Amino acid sequence: MSSKTEGLPTVLIEALVMNYKVISSSCKTGPKEILENGKFGNLFPVGDYEKLGDILNNIEKLNYSQDEIKKSLERFEKEKILKSIEKLFN
């Protein structure tokens, strides 16, 4: 993903769920939080397409713990989101 800005980049969450290797620009918000500052996917500075090219050329070397990713993605489960919303109104 090579966005300049993002809110909640659902495509990153979906890619992680599907066990795809993830590369994203390091927008001000969104990708860094989902990828936990590069723990679950490579980040490159916004607009640095040379860095993106380097990462793509070495994509076969990208390996991340699927167990850790799965645990991290639990925060996006419907039940957890609903509990968080409910807390706002209590």
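The chat below goes through a helix pair, a nonpolar core and one serine in a predicted model.

Visitor: How do the axes of α1 and α4 cross?

Guide: The axes of α1, residues 10-17, and α4, residues 66-73, come within 10 Å and cross at roughly 135°. That angle makes α1 oblique to α4.

Visitor: Left-handed or right-handed crossing?

Guide: The crossing of α1 and α4 is left-handed.

Visitor: Which residues meet there?

Guide: From α1, Ile13, Leu16 and Val17; from α4, Gln66, Ile69 and Leu73. Five residues of this contact are nonpolar, one is polar and none is charged.

Visitor: On to the largest nonpolar core. Which residues touch the most other members?

Guide: The core has 17 residues, and those touching the most other members are Leu16, Val22, Ile23, Ile34, Leu35 and Ile69. At least two residues each come from α1, β2 (42-44), α3 (49-57) and α4. The largest share is from α1, with four residues.

Visitor: What does Ile34 touch?

Guide: Not counting residues up to four places away in sequence, Ile34 touches Leu8, Pro9, Leu12, Ile13, Leu16, Phe40, Arg75 and Phe76.

Visitor: Now Ser72. Where is it placed?

Guide: Ser72 is in helix α4.

Visitor: Buried or exposed?

Guide: Ser72 counts as buried, because its relative accessibility is 9%, and buried means under 20%.

Visitor: And what is Ser72 in contact with, leaving aside neighbours within four places in sequence?

Guide: Ser72 is in contact with Glu36 and Phe40 on that count.

Visitor: How many residues apart in sequence are Ser72 and Leu35?

Guide: They are 37 residues apart in sequence, with 9.0 Å between their C-alpha atoms in space.

Methods: Residues numbered from 1 in each chain as written. Predicted model: local features only at pLDDT ≥ 70, side-chain atom pairs only at ≥ 80, totals over all residues. Heavy atoms only, no water. Axes fitted to C-alpha atoms, helices over the stretch in contact; angles between N-to-C directions. Parallel < 35°, antiparallel > 145°, perpendicular 65-115°, else oblique. Left-handed = near helix turned anticlockwise from the far one by under 90°. Contact = heavy atoms within 4.5 Å. Nonpolar A, V, L, I, M, F, W, Y, C, P; charged D, E, K, R; others polar. Core = buried A, V, L, I, M, F, W, Y, C linked by side-chain atoms within 4.5 Å. Buried < 20%, exposed > 50% of the residue type's maximum accessible area, 1.4 Å probe, protein only.
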